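Please look at the sequence and the structure shown here before reading on.

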Amino acid sequence: MSDYIDFISKIKKKTGIDLSLYKEAQMKRRLTSLYEKRGFRNFLDYYTAIHNDSDLLHEFLDRMTINVSEFYRNAQRWEVLEKKIFPMLLEKNKKLKIWSAACSTGEEPYSIAMVLSSHVPLRDISILATDLDAGVLERAKVGLYPERSLKEVPKNILDKYFVNEGQHYQVKDEIKKTVQFKQQNLLGDPYGSGFDLIVCRNVMIYFTEEAKDQIYSDFSKALNQGGILFVGSTEQIFNPSKYGFESVETFFYRKL
């Protein structure tokens with residue numbers, strides 16, 4: 001048995017995270033560079049260190065999750081969300097149940113709140129935002145972002161919902177109050193139900209086909225009939241009917 005296979009087994013027992021559901025070449029490359037930087041010779045030496053050092057464990061969790069995000073990423077998709085998807089969903093239900101899955105440092109759920117605020121008052125917006133990495137969730141709750149994260153944000157939204165603090169921008173409390181952050185493993189923890197919109201973007205590309213099947217099936221079960229799944233711009237679902245979806249716009253899928 002290779003030391004990576006043994007490492008996968010030990011990590012699953014320790015954390016509940018199944019690394020076999022992530023694309024092996026990408027994950028091995030990422031983790032090998034990390035353990036070599038820390039002076040370890042192989043995965044088993046690295047696991048022993050992780051097991052005994054919580055700082056190394058948190059660094060490992062941060063490296064295996066992909067925390068690259070920005071506000072209004074792929075701006076045209078957000079325009080579709082605002083002009084077509086939200087009006088369609090609000091015809092059926094004036095108070096939407098929304099989940100931002102694998103939300104990273106919070107740019108995505110805050111973007112959802114800002115877009116939805118053009119249709120309903122902020123007091124009627126409530127978004128669940130989850131991620132595997134507790135560290136990024138803490139950063140998300142602070143809501144302070146470098147200027148480069150906001151390059152797609154419309155000027156009127158920037159002026160309305162952010163405060164400029166030198167090289168950074170602070171999300172205003174009125175937006176922060178619309179989002180509840182919670183730690184969750186998409187490949188291990190139970191999902192909620194009754195969602196009108198699930199947003200999960202730029203994460204599935206790191207998973208195996210088996211893992212994608214599991215997640216898409218679970219998303220479908222978590223959505224209300226007529227609910228929408230919004231995916232990333234490299235994550236088009238080529239057989240949406242397999243999961244009980246139909247395509248309503250590119251990268252937007254409705255549960256049948």
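This is a predicted model: local features need pLDDT of at least 70, side-chain atom pairs count only at pLDDT 80 or more; totals for chains, interfaces and linings use all residues.

Guide: Residues are numbered from 1 along each chain as its sequence is written, and side-chain values use heavy atoms, with hydrogens and water left out.

Visitor: In which order do the three strands of the open sheet stand?

Guide: Strands are DSSP runs of E with at least two residues, numbered from the N terminus, and two of them pair if DSSP finds at least two bridges between them. β4 and β5 (residues 168-171) pair over four bridges, and Phe162 stands opposite Val171 in β5. The pairing in the sheet is antiparallel, and the order is β3-β5-β4.

Visitor: Why is one side of β3 and of β4 left without a neighbour in the sheet?

Guide: β3 (144-146) and β4 (162-165) stand at the edges. One side of each is left without a neighbour because each has a single partner strand.

Visitor: Which side chain of opposite charge is nearest to Asp196?

Guide: Asp196 lies in strand β7 (residues 195-200) and is buried (under 20% relative accessible area, 1.4 Å probe, protein chains only). Asp196 has no salt bridge, a term for a side-chain nitrogen of Lys or Arg within 4 Å of a carboxyl oxygen of Asp or Glu. Lys and Arg count as positive, Asp and Glu as negative, and His and the chain ends are not counted. At 6.7 Å, the nearest side chain of opposite charge is Lys92.

Terms used: Buried means under 20% relative accessible area, exposed over 50%, partly exposed in between (1.4 Å probe, protein chains only).
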